[in-house]
Amino acid sequence: MNRINVCLSTDDNYVKYASNVILSALSNKNPDDEYKFYILHSSLSDESKKILESYDGVELCPVDSANYAPYFNNSACPHVALPTLYRLSLPSILSEVDRVLYLDCDLIVLKSLAEFFSTELLENQYAACVPDSCYKGHMKRMGMEDNGINFYFNAGVCLFDLAKMRRDNIEEKLFDYLKSNFKNLLFSDQDVLNNVLKGKVKQMDEKYNFISPNFYFSNEKDVVIAHFAGIKPWQIGFYNVYRELFWKYLSMTELGKTKELQAQKRKVLFMHKWFCQILWHIKMYPLFFFRKRRLNDFMRIVKKSEY
Ligand SMILES: [Mn+2]
């Protein structure tokens with residue numbers, strides 16, 4: 001058996017998307033993968049707890065949100081919610097766990113995570129992550145030296161070596177940095193992790209945290225995790241090759257079957273279909289500043305009527 005520890009943090013609003021991550025991972029696991037899902041939460045309703053606990057391998061981990069609230073600042077990123085900060089305390093919350101893969105709730109898992117989970121880290125590395133989109137700009141902003149070792153990572157997918165982090169008191173360092181800088185952080189805990197773990201993170205292939213932009217229509221890449229870091233698949237205006245898969249898994253979850261979400265699904269997919277048709281018929285697509293490659297992918301799919 002391949003034990004794979006995954007951690008998510010959620011509130012009541014995101015339980016449906018957390019369920020989606022869990023069900024997409026379980027649907028695409030290898031036969032000998034055994035998932036364990038640790039769910040960090042502070043005040044989930046009994047109904048949410050029941051839903052999450054109905055999935056294989058789920059363990060709920062209560063967290064006291066009062067410890068984080070004073071340092072939460074999402075002015076730059078209004079869609080970021082307080083539970084994102086819980087991941088800074090993973091070494092102490094999951095005190096019995098030596099290694100965990102932290103996942104955001106705005107993503108789907110398309111393949112087994114076994115290979116990623118067993119990634120070997122160097123002695124001085126605490127985590128394995130994928131560079132964020134536009135990471136050079138972030139490095140400049142954070143004053144990170146571009147020495148071939150440093151890179152600004154997206155913290156939506158992080159493999160953490162918790163045993164090593166406990167050994168070296170990394171959690172304390174993360175909190176010290178958060179407390180003295182939270183007012184000026186553009187990307188809250190992602191900036192904290194990037195600063196404190198600078199130079200001590202293994203760089204992974206983008207397939208493990210593939211952040212596809214809106215208007216992304218290619219399906220040629222070998223993607224393990226598709227992460228929707230900008231516009232979300234449940235929002236109108238999301239035009240992306242992963243939309244069908246996202247709704248496929250979401251419709252398998254308890255909350256995804258509700259009338260409300262099914263109506264939202266129809267609305268989003270309907271808008272998508274009409275957007276593609278209108279663009280094609282009135283040939284307005286150059287107005288949308290597609291990159292040439294992306295435009296070609298898009299036209300190929302429109303022509304094949306795959307939308
Ligand atoms: Mn995310």
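Start by selecting Leu 107: its bridge partner in β10 is His 227. Strands here are DSSP runs of E with at least two residues, helices are runs of H or I with at least four, and both are numbered from the N terminus.

Before moving on, note what is on screen. This is a predicted model, in which local features need pLDDT of at least 70 and side-chain atom pairs count only at pLDDT 80 or more, while totals for chains, interfaces and linings use all residues. Residues are numbered from 1 along each chain as its sequence is written, and side-chain values use heavy atoms, with hydrogens and water left out.

**Stop 1: the sheet around His 227**

Show β5, β10 and β9. They form an open sheet of three strands in the order β5-β10-β9, with mixed pairing. β5 and β9 (210-211) are the edge strands, each pairing on one side only. Two strands pair if DSSP finds at least two bridges between them. β5 and β10 have three bridges and run in the antiparallel sense.

**Stop 2**

Asp 106 sits in the loop between β4 (99-103) and β5 (107-109), and His 227 in strand β10 (residues 225-227), so the pair links distant parts of the chain, 121 residues apart.

Are Asp 106 and His 227 buried or exposed? Both are buried. Buried means under 20% relative accessible area, exposed over 50%, and partly exposed in between (1.4 Å probe, protein chains only).

**Stop 3: salt bridges**

Lys 232 lies in the loop between β10 and α9, 126 residues from Asp 106. Lys 232 is buried, as is Asp 106. A salt bridge is a side-chain nitrogen of Lys or Arg within 4 Å of a carboxyl oxygen of Asp or Glu. The count by this rule is 13.

Next, select Arg 87 and Asp 189. Their side chains meet in a salt bridge (2.6 Å, N to O). Arg 87 is in the loop between β3 (58-62) and α3 (90-93) and Asp 189 is in helix α8, so the pair ties together parts 102 residues apart in sequence. Arg 87 counts as buried at 6% relative accessibility. Asp 189 counts as buried at 2%.

For a contrast in setting, go to Lys 136 and Asp 146. This salt bridge has an N to O distance of 3.0 Å. Lys 136 is partly exposed, with a relative accessible area of 49%. Asp 146 is partly exposed, also at 49%.

**Stop 4: helix α8**

Asp 189 leads here. How many residues of helix α8 (residues 188-196) are buried? Eight of its nine are, so the helix is mostly covered. Among them are Ser 188, Gln 190, Val 192 and Leu 193. The cover includes α5 (135-142), β7 (153-161) and α7 (170-181).

**Stop 5: strand β6**

Select residues 127-131. Five of the five residues of β6 are buried, so the strand is largely enclosed by the rest of the structure. β6 pairs with β7 in the antiparallel sense over four bridges. There, Val 130 stands opposite Asn 154. β6 also pairs with β8 (residues 201-203), in the parallel sense over three bridges. Ala 127 stands opposite Val 201 in β8.

**Stop 6: the surface**Select Ile 236, Phe 270, Met 271, Trp 274 and Ile 278. They form a nonpolar patch with about 470 Å² of accessible area together. Patches are made of residues with over 30% relative accessible area and no salt bridge; like charges are joined within 9 Å, nonpolar side chains (Val, Leu, Ile, Met, Phe, Trp, Tyr) within 5 Å. Accessible areas come from the Shrake-Rupley method with a 1.4 Å probe, and for residues only the protein chains shown count as cover. Met 271 lies in helix α10 (residues 259-282) and is partly exposed, at 35%.

**Last view: the whole chain**

Zoom out. The chain has 11 helices and 10 strands. Of its 307 residues, 53% count as buried. The chain exposes about 14,600 Å², of which carbon and sulfur atoms supply 51%.

Definitions and conventions: Contact = heavy atoms within 4.5 Å.
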